[in-house]
Amino acid sequence: MNTDKEKLLQLKGVSVQYGGVHALDTVSVSLDEGEVVALMGPNGAGKSTILKAIFGLAPLHTGRVLWYERPFTPVPHEVVRNGIAFVPQGRRVFTTLSVEENLEIGGYGIRDEKELKKRIESVMDMFPALKQKRKTLSGTLSGGQQQMLAIARGLMIDPKVLLLDEPSLGLAPKVVKEVFKKIAEINKNRKTAIMIVEHNIQSLLSVAHRGYVLDKGRIVAEDEAEKLTSSGILERVFTGRL
Amino acid sequence: MEYLLHLAILFSIYAILGLSLNLIVGYTGLLSVTHAAFYGIGAYATALLLIKTDIGFLMSGLIGIILAAIIAFLIGMVLSKFDGDYYALGSMGFCIIAFSVFLNWQDLTRGPLGLPGIPKPEIFGIEFSTSALFVILAAVILIAIYFACRCIANSSFGRVLKTIREDEQAIQVFGYSTLYFKLTVFVISAMMAAVAGSLFAAYITYIDPSTFTILESVFVLAIVILGGLANLRGSLLGALLLIMLPEILRFVGFPGEIAGQMRELTYGAMLIALMLWRPQGLIGEYKL
């Protein structure tokens, strides 16, 4: 997947600091069209910070973010306009709004009312459980349904890139399986490139083409998903024996 | 009867203030105590123009509203960068500054002496000189403001306000500029407060800075919280209760020499009890 052709999204030499502490230290990652890339590592490794840096939610100390090889200033509305959607950690659905209203919020920028309705129907077709609960307040949904809603909301702009931060957090194993099945479907059917941060390595590597392993704000390994699994690097990083 | 009409007019004025503040505090989740300032700007602008010019009540009120909008835009640019406690503190600072201007710009406002002799409003040849006529004017404006607030609350704009209240960072992820939404609702709310100020000045016919202190902002905030955050009918209920409650206590029969103090004490105790019993207000959808 990682060829010399034009990259879709890149971070080059990105550093992020929080009060003098390096959350990311000259990190470079890339994502090609139609690719699923995994970001792995222990707590505090800087995985989520990469997604936030792309979205302009973490200020860059050094480095650049490139979209089709061209640098852009990562501010949320610009990032969304480029076709990048972010599903943040903890789902963060708007609990006082209905499922349908949450999806409408996700479709910001779609001026045509008919097109907005069409998109809502399109994402609901992907998530039939949401279709049945379209008028239900999202605060009353189960954790799994809320996660599906969060992903569906991200798909409302028909993104080229979907950034997912811990999609399995707090979900039962059966639901996690379902969530990852949907992620694989989105990548296959919509050709959406996906970058995922996830602790559930087994589920993650089942859908990822490529992965980066991070430790203390630096990238310590980068390879195809299968090779990363067999290399033993993950065990070493997670047990602190690196 | 005159007394009841007086209470109805006061209720209308405070209901307008409550409804408009609910857009900021209840729907957007921003704890603002600036309202007395915009109430005062509307009142002073209308009073000065009615006294010094002959442009009439409608035009004076309109200028007051525009002035409030401009000032709200400038102040809102600063306040919208904050949230939580910092927003409240910033808004308090502005309210104090506005009060100081009303008090100290003596050439314009006459300072603590206030502005007496404000003419009663005259619209399309009808002079609203009696309480019975004025109550109609106040009620019509209140109804218009209520429906305007309802339109805002039920629109997609209102939905975004609720999401800002719930999770401001999460809404930014979809490309929304929360600064724009916070600023817009702040300006709209300030304009509505200025309408209440215009009505107040034209009704009472005398204003001075003591009406527009931070305590007045707190009183309007109490209307919003007591009635119910993010519920427009709650603001009407809150205004009704807080205007009527002290009046009802007049008839409880406290001994004459301590009646005033007892009324204040009972009034305060009832508010505390209500907050303990229903912190989200009587018919609120959300609590601070």
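Visitor: Why does A:Lys117 count as partly exposed?
Guide: Its relative accessibility is 35%. Buried means under 20% relative accessible area, exposed over 50%, partly exposed in between (1.4 Å probe, protein chains only). So A:Lys117 falls in the middle class. This is a predicted model: local features need pLDDT of at least 70, side-chain atom pairs count only at pLDDT 80 or more, and totals for chains, interfaces and linings use all residues. Side-chain values use heavy atoms, without hydrogens and water; residues are numbered from 1 along each chain as written, chains lettered from A and ligands numbered from 1 in the order written.

Visitor: What makes A:Glu104 and A:Lys117 a salt bridge?
Guide: Their N to O distance is 3.4 Å. The definition asks for a side-chain nitrogen of Lys or Arg within 4 Å of a carboxyl oxygen of Asp or Glu. The pair ties helix α3 of chain A to helix α4 of chain A, 13 residues apart in sequence. Helices here are DSSP runs (H or I, at least four residues).

Visitor: Is A:Glu104 buried or exposed?
Guide: Buried, because its relative accessible area is 15%.

Visitor: What makes A:Glu100 and A:Lys135 a salt bridge?
Guide: Their closest N and O atoms are 2.7 Å apart. A:Glu100 lies in helix α3 of chain A and A:Lys135 in the loop between α5 and α6, so parts 35 residues apart are tied together. A:Glu100 is buried at 8%, whereas A:Lys135 is exposed at 67%.

How values were computed. Helix = DSSP H or I, 4+ residues; strand = E, 2+ residues; numbered from the N terminus.
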